[in-house]
Amino acid sequence: MSTNAKLKRGVGVAALVTIALTFWLGLVVTPPAEVMGNLVRMLYIHPPMAWIAYLAYGITTAASLLYLWKRTRRREWDLIAAASAEAGVFFTGLTILTGSIWGRPAWGVWWTWDALLTATAVLFLLYLGYLALRQVPMSETKRGVRSAIAALVAFIDVPIVHESVYWWKTLHQTPSVLNPSMNVEVHGSMAWTLLLGFVAFTLAYVWMVWTRFETSRRQAQLADLEVENAIRERLSAEEVRI
Amino acid sequence: MFRTAVAMAKKDLRLEWRARVLLNQVLPFVFVVIVLFAFGFDAKVEILTQVTPGLFWVTTFFGLELAITRAMAIEGENQAQVGLVMMGVNPRGIFLGKVVAIVLEILVLEVVLSAGIAVLFNSPLHDVALLAASALLADVGVATVGIVLAGVTEGLGGSLLPLLLFPVVSPVLLCATKVWQYGLDQTPAKAIPWSELLIGFSLIYLVVGILVYGVVLEG
């Protein structure tokens, strides 16, 4: 096994262990909150998932920019952008799902047209569109350039999603961690569990993107090889005819 | 850049004047949508009056999407866009020209549509200057990002453009609807923050469009 594969496996195992620890601490060790009771346990996974969604779209944008800039244009940037967007859509979906599970007992509804929820749903749709664009058959460069532009346009929406809490005074509470004053409103064992949640899901994200990137790169290399073989076969057929 | 933009806008508007796609297809289509909305809301005037701003903007967005698709289809015919790039025409000029042409076309559509809605939904148009200014800003916002995304989805099937465009411009829809709501309610002071947001979004989309359109043509 190569060092790269060992490292990736290590990240995967660390992600699994830290996620398990987060669940154990969140469900067993930490106390219920004074006001929210056991509902607070959703706090240990919901904000980390939302953070990963932002991180994933940030990485997609950075990789897309690197692909668009001709000096740094490499297939790898396009593949990283795609892998990160897939992970981003997955975690945005989970953010909406966990938020909805929290919202039912807290607000009495599974879904409400609150600004942050709506903007997150819009974000989810934006990147679904990005992934749909990538599925259309076209040349590799064309796909890379077009997807990179779509990713840049979509990323404009990310700060809007975050700021929407403040622009439109909403039902959703302001972020407990990533708020403008950077005043973390969680303390003690709850804060440590939340921190572990962030680490755990970040590791899971890294492992997912890494694995997806390697798979895509191998697929692309295989496609290159098939084209080369086809050309070689055609050339040898031509030689035989001559 | 500006000379190219003027030439491109004139060319697109002349083509539209000759083909009359806006008049013969887009305008009837938006009225079909309006009638369908009325059926959907059981033709209750009190509900329709209440939701007039939203209906107006959703309908206008459909019209904008059609106008953008049409504007880009013109360039796809006979590979006109490839020709422009090969001749070294400034892509920013092409972009701005297309934005101007689409915005002018849609403003005409909006004048007719708002008059129709005022009559059909019993919604008198107050603060016309505010409504017109917000319409102009929203049209610029949607047209700029729409042209970029239409370039991105060119030749890839018609369903991708609305899938990519409508989520991106949803903040413009929200702001424009709010401004129209307060304009029609004769409380224009409440529309100020939404107008500022509308200016912000439209400017961001315009700058991004100008910056990336050259790369869109390359792709």
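Residues are numbered from 1 along each chain as its sequence is written, and chains are lettered from A, with ligands numbered from 1, in the order in which they are written. Since this is a predicted model, local features need pLDDT of at least 70 and side-chain atom pairs count only at pLDDT 80 or more, while totals for chains, interfaces and linings use all residues.

**View 1. Chain B is built from helices, with 0 strands.** There are 10 helices in chain B (helices are DSSP runs of H or I with at least four residues, strands are E runs of at least two, numbered from the N terminus). Its radius of gyration is 17 Å, close to the 17 Å the globule rule gives for 219 residues, so chain B is as compact as a globular protein of that length. That radius is taken over C-alpha atoms, and the rule is 2.2 Å times the number of residues to the power 0.38. The C-alpha trace spans about 55 × 35 × 30 Å along its principal axes.

**View 2. Ala150(A) is one of the residues with the most contacts inside the largest nonpolar core.** That core has 121 residues and is a set of buried Ala, Val, Leu, Ile, Met, Phe, Trp, Tyr and Cys residues joined through C-beta atoms within 7 Å. Buried here means 20 or more other C-beta atoms within 10 Å of the residue's own. Leaving out residues up to four places away in sequence, Ala150(A) touches Tyr130(A) and Leu133(A), plus Leu149(B), Val152(B) and Leu164(B). Helix α7 (residues 128-152) of chain B brings the largest share of the core, 13 residues.

**View 3. Among the elements of chain B, α7(B) has the highest mean pLDDT, 91.** The lowest, 78, belongs to helix α5 (residues 80-86) of chain B. pLDDT is the predictor's confidence in each residue, from 0 to 100. Chain B averages 85, and 100% of its residues reach 70 or more. For the complex, the predictor gives an ipTM of 0.81 and a pTM of 0.84.

Key:
Buried ≥ 20, exposed ≤ 12 C-beta atoms within 10 Å, placed from the backbone. Contact = placed C-beta atoms within 7 Å.
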